[in-house]
Amino acid sequence: MNFNTKVIHGGQHHESATGSVNVPVFLTSTFAQKSPGVHSGYEYSRAANPTRQALEDSLASIENGARGLAFGSGLAAIDCVLKLLNPGDEVVAVDDLYGGTYRMFTRLFEKYQLKFTFVNFDDVSKIADVITDKTKLIWVETPTNPLMKLVDIKAVVEIAKGKDILVAVDNTFATPYIQRPIDLGADIVMHSATKYLGGHSDVIAGALIAKDAEMGEKLHFIQFASGGILGPHDSYLVLRGIKTLALRMQRHSDNGLAVAKYLENHPAVDKVIYPGLESHPQYELAKSQMKESGGMVSFTFKSGKKEDAIKFLERVRVFTLAESLGGVESLANHPALMTHASIPADKREELGITDDLVRLSVGIEDAEDLITDLEKAFS
């Protein structure tokens, strides 16, 4: 199947008892057995639920993986990956991480004797410089949040090859419509399915997709044993969102490029960070690794003042000032005060998350209305 067909039919089957075209929401905690240990494949919904299974099969299909798993949040999915590791193991991670991921790494898992080294992946050779015989995981975000840095996934996989090191990629910003890390060699793909996969700002969810069945079974055991599963109704919402993923991502990308070009020509704007602009330092990598450039745009002000960013964010009307991203509606965010406030101020400054940085999640409204709203907010 091609991608537009996969998002609707990939891994999906009509419900066997009634022929229902849409998977029913199986609101049940347990399942009847014919005899002790003799069942239909479902025993208890923490282990497996038919609605969640349909979503997990869809996830595997659209990312070209062997096994998909659905979690109660993106952070629950990351938590599952880290539980593959043992005390003393080391993780090399991209330095420009989502704030919640950074918080989990440094404030939760470091105390269990996992060591995290944060590296600028612009130059992937720097990864090889910090790898030791204890390195067991390389954690990638591409594009990163909120600075829209790109990571050459193939190059990272090449560095890890033959070293018993897993490569996991947070594909939330790009989605499999734009980029498929498993096709590029990654072992695990992670999504905050709250964002583009769900697509309607009405669900909190996470996802993992494993390249091979053996890794999928290891992750499923941790999911089952730790219990961070996604409920059946939320599974249904994400599955419904996936069916329009291709249409939405194309519109997000078209609008994102239009907004980025507008901002690049605005006299109050200093720097626009968007992979689809030739001014992006990794524009060529974007063209080779990504089908489109997505709907996330970050920019700074020529004044460099936090006050100008706050004033702008207070004036938007079509854009909504709110955390999160990836919904059909456009959102605007101040990373330093909102999504990345958990990162220490000195670390934010080192990374380039300045107080005048604004991150836009460009929705699927008419681009003309979005640009008019931005123009009014600048005035």
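How much area do domain 1 and domain 2 bury between them, and what share of it lies on carbon and sulfur atoms? In this predicted model, the two domains bury about 3,200 Å² between them, and 62% of that area is on carbon and sulfur atoms. The size of an interface is often expressed in this way, as the accessible area that is lost when the parts come together.

The protein is divided into domain 1, which covers residues 3-241, and domain 2, which covers residues 246-378. To the contact between them, domain 1 gives 38 residues and domain 2 gives 40 residues. The centres of the two domains, taken over C-alpha atoms, are separated by 26 Å.

Across this interface the rule finds zero salt bridges, whereas 18 residue pairs are in polar contact between domain 1 and domain 2. On the side of domain 1 that touches domain 2, the helices listed here each supply at least two residues.

| Helix | Residues |
|---|---|
| α1 | residues 3-9 |
| α4 | residues 99-109 |
| α7 | residues 175-178 |

The residues of that side of domain 1 divide into 19 nonpolar, twelve polar and seven charged.

The model also holds an open sheet of five strands with mixed pairing, in the order β8-β9-β12-β11-β10. Because β8 (269-273) and β10 (320-321) stand at the edges and each has a single partner strand, one side of each is left without a neighbour in the sheet. Strand β10 is joined by two bridges to β11 (residues 331-333), and these two strands run parallel. Here leucine 321 stands opposite alanine 332 in β11.

How values were computed: Residues are numbered from 1 along each chain as its sequence is written. This is a predicted model: local features need pLDDT of at least 70, side-chain atom pairs count only at pLDDT 80 or more; totals for chains, interfaces and linings use all residues. Side-chain values use heavy atoms; hydrogens and water are left out. Domain bounds come from an automatic or database domain assignment. Contact means heavy atoms within 4.5 Å. Buried area is the accessible area (1.4 Å probe) that two parts lose on being put together, summed over both. A salt bridge is a side-chain nitrogen of Lys or Arg within 4 Å of a carboxyl oxygen of Asp or Glu. A polar contact is a pair of N or O atoms within 3.5 Å; within protein, one must be able to donate a hydrogen and the other to accept it, and residues adjacent in sequence count only if both atoms are side-chain atoms. Helices (H or I, at least four residues) and strands (E, at least two) are DSSP runs, numbered from the N terminus. Ala, Val, Leu, Ile, Met, Phe, Trp, Tyr, Cys and Pro count as nonpolar, Asp, Glu, Lys and Arg as charged, and the others, Gly among them, as polar. Two strands pair if DSSP finds at least two bridges between them.
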